[in-house]
Each structure stands twice: as C-alpha cells, then as structure tokens.
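Please examine the sequence and the three-dimensional structure shown below. The report that follows describes selected residues, the overall fold and the surface.

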Amino acid sequence: MLPDRFRCLLVEKHHDQVTASFTTRATRELPPDEVTIQVRASSLNYKDALATQGHPGIVHKFPHVPGIDAWGIVAAADDA
C-alpha cells in the first residue's frame, strides 16, 4: 500500500520564474500509468541539475520531480 504523501524535490515554473524546493506532495498527484518506486537511495546527476533550472530540453511539463538515478522497491505498477 502506498503512503498518502511523499517527500520530493519539486521544480515549478510560474510565468518565467523556475524554482526548485523540497516539499511533501500527495501520492494521488502522481501521474497515471507509471511505476511507483519506494526509493531507498538516490542521487542528483547532470540532467537533474539541468531540470532544477527548467532546461527545456529536459523538462517538458511542470511541475517536475527530478530523479533519474534512484534505487528502491517497486511499490505499485499499472503494468505487470
């Protein structure tokens, strides 16, 4: 069972201003048809750093949670 909330680094864009901050979000806000991982370890790599700046070649939709490098346990998946 997934928790109701999760902690993440969130990149948001309001007008032309891009911000990145740690926050807590509701699990129900996660996109559908994805695999949800209970992350045990992660790192921020070069693409994640670009994402925190709102780089258009990296971030296609806001809000965005960077995190290409992550290790954990599959908590939920819509596809077997």
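Asp33 is exposed because its relative accessible area is 64%, where exposed means over 50%, buried means under 20% and partly exposed lies in between (1.4 Å probe, protein chains only). This residue lies in the loop between β2 and β3, and its phi is near 60°, a positive value in a residue other than glycine. The model is a predicted one, in which local features need pLDDT of at least 70 and side-chain atom pairs count only at pLDDT 80 or more, while totals for chains, interfaces and linings use all residues. Residues are numbered from 1 along each chain as its sequence is written, and side-chain values use heavy atoms, with hydrogens and water left out.

His15 likewise has a positive phi near 60° and is a residue other than glycine. The loop between β1 and β2 holds His15. With 78% relative accessibility, His15 counts as exposed.

## Overall fold

Read from the N terminus, the order of the elements is β-β-β-α-β. The C-alpha trace spans about 40 × 25 × 20 Å along its principal axes. Of the 80 residues in the protein chain, 15% are buried.

## The cis peptide bond and its surroundings

Phe62 and Pro63 are joined by a cis peptide bond, with omega about -5°. Pro63 is placed in the loop between α1 (46-52) and β4.

Glu12, in strand β1, is 51 residues from Pro63 along the chain, yet their C-alpha atoms are separated by 4.7 Å. Glu12 is partly exposed, with a relative accessible area of 24%. Ala20 belongs to strand β2 and counts as partly exposed at 37% relative accessibility. Between the C-alpha atoms of Ala20 and Pro63 the separation is 9.7 Å, and these residues are 43 apart along the chain.

## The salt bridge

One salt bridge is found in a search of the whole structure; the term denotes a side-chain nitrogen of Lys or Arg within 4 Å of a carboxyl oxygen of Asp or Glu. Its partners are the side chains of Arg25 and Glu29, at 2.7 Å from N to O. Arg25 is partly exposed, with a relative accessible area of 21%. Glu29 is also partly exposed, with a relative accessible area of 43%.

## The nonpolar surface patch

Val35, Ile37, Val39 and Val74 make a nonpolar surface patch of about 350 Å². Patches are made of residues with over 30% relative accessible area and no salt bridge, with like charges joined within 9 Å and nonpolar side chains (Val, Leu, Ile, Met, Phe, Trp, Tyr) within 5 Å. Accessible areas come from the Shrake-Rupley method with a 1.4 Å probe, and for residues only the protein chains shown count as cover. Strand β3 gives the most to this patch, with three residues.

Val39 is found in strand β3 and is partly exposed, with a relative accessible area of 45%. Thr27, in the loop between β2 and β3, counts as buried at 15% relative accessibility. Thr27 and Val39 are twelve residues apart in sequence, and 14 Å separates them in space, C-alpha to C-alpha.

## The largest pocket

The largest pocket holds about 1400 Å³ of space. On a 1 Å grid over the protein atoms alone, a pocket is an open set of points where a 1.4 Å probe fits, with protein on both sides within 12 Å along at least five of seven lines; lining residues have an atom within 4 Å of a point. Grid points are joined across faces, edges and corners, and a volume is the space filled by probe spheres set on the points.

The lining of this pocket comprises 39 residues, and Phe6, Cys8, Leu30, Val65 and Pro66 lie nearest the centre. At least two lining residues come from each of β1 (5-14), β2 (17-26), β3 (35-43) and β4 (69-77). Strand β3 gives the most, with nine residues. By residue class, the lining divides into 24 nonpolar, seven polar and eight charged. Here Ala, Val, Leu, Ile, Met, Phe, Trp, Tyr, Cys and Pro count as nonpolar, Asp, Glu, Lys and Arg as charged, and the others, Gly among them, as polar.

Notes. Helix = DSSP H or I, 4+ residues; strand = E, 2+ residues; numbered from the N terminus.
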